[in-house]
Amino acid sequence: MDLYAQNILDRYRTPFFKDKKIKADLKRHEANHSCGDAVDISLSTKGGKVIDFSFTGAGCAISMAAADMLGELVTGMMEDEILKLTKDDIYKMLGIEISMRRSKCALLGLITLQNAILAEQKKPLKTWGDY
Amino acid sequence: MNYRQDFPIFKNRPDLIYLDSAATSQKPQAVLDAVYGFYKSMNSNVHRGTYPLSEEATEAYEDARKTVSSFINAAHPHEVIFTRNATESVNLVARAYGDAFLNKGDEVLLTKMEHHSSIVPWLQLKDRKGIVLKYLDVSKEGRLIFDPKLITAKTKFVSVTAMSNVLGTIPDLKPIITAAHAVGAKVLVDACQSAVHIKTDVQALDADFLVFSGHKLYAPTGIGVLYAKTDILNQMPPFLGGGDMIHEVFLDHFTPGELPNKFEAGTPHIAGAIGLKAAIDYVNKIGFPVIQKIENELTEYLLGKFKALPYVRIIGPADMMGRGPVISFVIEGIHAHDMAEGFATKGICIRAGQHCAQPLMDYFEIPATARISLAIYNTKDEIDAAIRTLEEIYKYFNP
């Protein structure tokens with residue numbers, strides 16, 4: 001059986017950012033209830049820049065690997081740049097074909113991250129339709 | 001007898017292994033023919049025609065009602081209301097009956113194994129009227145625990161499933177219904193999962209309301225049934241307003257039509273009702289004793305295979321007592337979606353997720369389950385293929 005690319009499987013089994021202890025000033029929980037994936041993202045920021053990232057969650061390999069890889073992508077990034085990230089950026093980061101039925105798995109981390117920032121900025125939150 | 005050959009999808013997709021009949025069943029040729037036949041040679045609107053073609057359509061539509069009525073052993077065909085699906089049927093009851101007869105502080109008793117469609121309409125009624133919701137518990141083995149103390153003088157309504165769409169559990173409804181009636185509460189039975197597997201008898205149950213969808217019963221999507229006792233339907237105000245449900249309309253008031261039209265506003269799904277009749281005729285021709293023999297054998301076979309895999313945890317009854325052919329399971333460390341993806345690579349359709357039963361997932365403290373559900377067209381070979389795939393999935397995540 002060959003379900004997922006090796007990079008996805010590796011990050012699912014051995015994540016870098018899962019349960020990492022950081023001094024968080026932003027936190028957000030989002031879930032995809034149709035499939036039962038849930039993610040909590042914590043960020044440590046300084047002057048609008050993400051300096052540390054951590055997540056916890058329970059979900060499928062794609063949702064967990066995507067959340068973990070997101071940590072690498074956004075550490076050092078400005079909040080405004082993070083808000084500009086799109087579905088395509090995430091698919092490129094994952095480096096695999098994402099079928100329609102798995103798109104929410106791939107994007108759960110991003111929506112959680114962007115809503116963490118939007119909530120802090122007191123701006124309207126993103127919904128799945130925005131992607 | 002091989003019933004698989006009655007279902008054209010298996011000829012058109014020879015590699016298909018369909019283990020998701022609890023989501024929707026496949027359709028036999030007889031149902032496809034009935035739907036096509038209606039549009040091909042009988043199409044016209046019902047209850048309005050001043051010409052023979054419409055009379056024929058009306059007769060076929062009302063004949064479908066009679067078939068449903070006998071299928072569930074209703075006392076009268078007008079106790080059968082055609083809806084879109086079971087969800088709409090429950091909403092009709094919560095809106096029309098709930099708004100008229102339930103008040104602030106009245107208790108509605110549900111169970112923790114209900115589908116969202118039997119929870120949310122009552123949560124909406126709670127928002128509108130301030131009713132109080134209570135829930136019967138589920139045991140760790142997936143059985144319904146009937147605690148009679150939860151039925152009190154304040155209990156005005158009880159809604160309970162006849163078969164859990166997640167656990168496959170078939171609760172013993174009779175004691176619950178008897179206890180509810182003893183305090184004057186009405187009872188709704190959700191027969192959505194059970195109707196295709198076990199005999200439904202509204203009079204033997206003494207159910208006040210009973211709902212199911214056609215599409216899980218080999219019929220088309222878009223046709224559902226609400227059964228209710230005559231006197232209750234007569235007391236209830238109409239649900240949707242429009243054509244066909246009225247007696248007279250004036251500029252400032254209207255009078256509702258008679259049963260069953262009173263609850264069927266607008267042009268109904270005529271072809272769907274005719275398809276549902278064909279599906280019920282098909283089920284009746286086979287008969288529930290044969291259906292149960294086939295399905296129980298498959299279910300027992302699958303449960304036996306699962307028991308040989310120590311990493312599989314069945315969510316629901318692990319034996320054949322009081323259960324139907326709906327089997328949920330989890331594997332520690334492998335999310336249900338990843339399992340479903342693994343099955344999909346082999347052309348095997350299973351369901352993964354929360355199955356519209358989030359309270360039940362919370363109760364079992366699991367994010368989701370994978371679910372295999374069986375029907376008369378499934379085979380042991382298909383179960384063997386599913387088990388081989390499951391072993392591969394396990395090895396893939398635990399090399």
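**Domains, chains and one residue**

Author: We start with the domains of chain B: the centres of domain 1 and domain 2 of chain B, taken over C-alpha atoms, are 28 Å apart. Keep in mind that this is a predicted model.

Reader: Which residues make up domain 1 and domain 2 of chain B?

Author: Domain 1 of chain B is given as 3-19 + 288-397, and domain 2 as 30-284. Where they touch, domain 1 of chain B supplies 22 residues and domain 2 of chain B supplies 23 residues.

Reader: Which elements give two or more residues to the side of domain 1 of chain B that touches domain 2 of chain B?

Author: In chain B they are helix H10 (288-307), strand E13 (326-331), helix H12 (358-364) and strand E16 (369-373). By class, this side of domain 1 of chain B has 13 nonpolar, 6 polar and 3 charged residues.

Reader: How is the size of an interface often given?

Author: Often as the accessible area lost when the parts come together. Here we have residue counts: 12 residues of chain A contact 17 residues of chain B. The chain A side comprises 8 nonpolar and 4 polar residues, with no charged residues.

Reader: Now a single residue. Is B:Tyr227 buried or exposed?

Author: A residue counts as buried when 20 or more other C-beta atoms lie within 10 Å of its own. B:Tyr227 is buried because it has 26 other C-beta atoms within 10 Å. B:Tyr227 belongs to strand E9 (residues 224-228) of chain B.

Reader: Which residues does B:Tyr227 touch, not counting residues up to four places away in sequence?

Author: Among them are B:Ile72, B:Val80 and B:Phe209. B:Val80 is 147 residues from B:Tyr227 along the chain, yet their C-alpha atoms are separated by 4.8 Å.

How values were computed: Residues numbered from 1 in each chain as written. Chains lettered and ligands numbered in written order. Predicted model: local features only at pLDDT ≥ 70, side-chain atom pairs only at ≥ 80, totals over all residues. Helix = DSSP H or I, 4+ residues; strand = E, 2+ residues; numbered from the N terminus. Buried ≥ 20, exposed ≤ 12 C-beta atoms within 10 Å, placed from the backbone. Contact = placed C-beta atoms within 7 Å. Nonpolar A, V, L, I, M, F, W, Y, C, P; charged D, E, K, R; others polar. Domains from an automatic or database assignment.
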